[in-house]
Amino acid sequence: MASVEEPKNKLKLYSYWRSSCSYRVRIALNLKGLSYEYVPVNLVKGEQFNPEFLKLNPIGYVPVLVDGDIVISDSFAILMVSFAFSLFFFFFFFLVDRAPDGVITSIFPVDKVQYLDEKYPQHPLLPRDLHKKAINYQAANIVSSSIQPLQNLAVLKYIEEKVSPDEKLPWLQYHIGKGFAALEKLLKDHAGRYATGDEVFLADLFLAPQLYQAVKRFNLDMTQFPLLSRLHEAYNELPAFQNAMPENQPDAPASSTA
C-alpha cells in the first residue's frame with residue numbers, strides 16, 4: 001500500500017455545509033486521507049462576496065482549495081487538470097476515427113489528470129481503463145453541467161422572485177429527474193457496487209452529493225431510478241462519504257439533518 005503523502009502546509013478548504021460542489025471535494029480529501037482546515041463561507045449571508053473571498057475566487061463560488069501557494073476554485077478545477085497534448089491525442093486518434101465521414105460532432109476530453117491525484121496519488125480517482133474513464137467523465141459532466149447549476153442558490157432565488165416560490169420545487173424535480181434518467185441509462189451497463197464498477201471513482205464523487213440533495217432536500221421520487229437508489233445506499237455506508245455529509249460539517253446548523 002502506498003504511503004499517504006501529507007502536504008507540508010495544511011490544506012485549507014473554503015466550503016459551505018450544504019454546497020454539493022464542496023461536498024464532492026470533501027469526499028475526495030477524505031478518500032485520500034488528507035487532513036484539511038475547514039473554512040466556512042456562509043452563502044445565505046453573502047459571505048462569498050466579501051472582498052477577501054473574492055480575491056480567492058473572483059466569481060464568488062465555493063469551494064476554494066488552498067494548497068500552499070496554490071489557490072484553486074471550482075470543484076472541477078480542484079479535481080481535474082487538463083493536459084493539452086493528451087486531449088489533442090485523444091481528439092485526433094479516437095474521435096476522428098469514429099466520426100462518420102471524418103466529421104467530428106462532439107469533443108470529450110477523456111485523458112485529463114486530476115490535481116489531487118497528480119499531487120496526492122493515494123486512492124486514484126480515475127480508473128486506468130480508457131472506456132471506464134470516459135464514463136466517469138460523462139457521469140460527472142451530467143451532474144455538474146445539466147443538474148447542479150439549475151438548483152443553485154442564485155437560480156432558485158431568481159425563480160422565487162421572478163416567477164413564484166411555488167415553482168421552485170417543480171423546477172428542481174423536473175431538472176433533477178431529467179438528469180437522473182440520463183444517468184440511469186448511461187450507467188446501467190457499467191455499474192457494479194458503485195457507479196462504474198466495484199471501486200469508488202470520480203463519477204461517485206459527483207453522484208453522491210446530487211443524490212443526497214434529491215432525497216434529503218427536494219423529495220424526488222426515487223422509485224423510478226433503481227440503480228441510483230442502490231448507489232445512494234452504498235455511498236451512505238462509506239465513512240469517507242459519511243464524514244463529508246452536510247450535517248457533519250462544522251458550519252451546519254445544530255438542528256440540521258439535510
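Of the 258 residues in the chain, 47% come out as buried. The model is a predicted one, and its chain carries 11 helices along with four strands.

The rest of the structure largely encloses H1, because 11 of its 12 residues are buried. Setting aside neighbours within four places in sequence, serine 22 is in contact with Tyr14, Ser15, Tyr16, Val62 and Pro63.

Two of those partners turn up again in the backbone geometry. Most residues other than glycine have a negative phi, and most peptide bonds are trans. The bond from valine 62 to proline 63, however, is cis, with omega near 5°. Proline 63 sits in the loop between helix H2 (51-56) and strand S3. As for phi, aspartate 74 has a positive value of about 80° despite not being a glycine. Aspartate 74 belongs to the loop between strand S4 (70-73) and helix H3 (75-79), and is partly exposed, at 42% relative accessible area. Asparagine 219, likewise not a glycine, has a positive phi of about 50°. This asparagine is in the loop between helix H9 (202-216) and H10, and at 54% relative accessibility asparagine 219 is exposed.

On to helix packing, where two packed helices are described by the angle between their axes and the distance between the axes. Helix H8 (residues 168-187) packs against helix H10 (residues 226-235) at an angle of about 85°, the axes being 8 Å apart. H8 is therefore roughly perpendicular to H10. On the H8 side, the contact involves Phe180, Leu183, Glu184 and Leu187, which meet Pro226, Leu227, Leu228 and Leu231 of H10. Seven of the residues in this contact are nonpolar, one is charged and none is polar.

Then there are the charged pairs. Side chains of opposite charge can pair when their charged atoms come close, and a search of the whole structure turns up five salt bridges. One of them joins lysine 119 and aspartate 67, with an N to O distance of 3.2 Å. Lysine 119 is in helix H5 (residues 115-119) and aspartate 67 in strand S3 (residues 64-67), so this bridge ties together parts 52 residues apart in sequence. What about burial of the two ends? Lysine 119 is partly exposed, at 32% relative accessibility, whereas aspartate 67 is buried, at 4%.

Another salt bridge links glutamate 160 to lysine 168, whose closest N and O atoms are 3.5 Å apart. Here glutamate 160 is partly exposed, with a relative accessible area of 37%, and lysine 168 is partly exposed too, at 25%. A further bridge brings together the side chains of lysine 188 and aspartate 189, at 3.2 Å from N to O. Both lysine 188 and aspartate 189 are exposed.

Methods:
Residues are numbered from 1 along each chain as its sequence is written. This is a predicted model: local features need pLDDT of at least 70, side-chain atom pairs count only at pLDDT 80 or more; totals for chains, interfaces and linings use all residues. Side-chain values use heavy atoms; hydrogens and water are left out. A salt bridge is a side-chain nitrogen of Lys or Arg within 4 Å of a carboxyl oxygen of Asp or Glu. Helices (H or I, at least four residues) and strands (E, at least two) are DSSP runs, numbered from the N terminus. Buried means under 20% relative accessible area, exposed over 50%, partly exposed in between (1.4 Å probe, protein chains only). Axes are lines fitted to C-alpha atoms, for helices over the stretch in contact, and angles run from 0 to 180 degrees between N-to-C directions. Angles under 35 degrees count as roughly parallel, over 145 as roughly antiparallel, 65 to 115 as roughly perpendicular and the rest as oblique. Contact means heavy atoms within 4.5 Å. Ala, Val, Leu, Ile, Met, Phe, Trp, Tyr, Cys and Pro count as nonpolar, Asp, Glu, Lys and Arg as charged, and the others, Gly among them, as polar.
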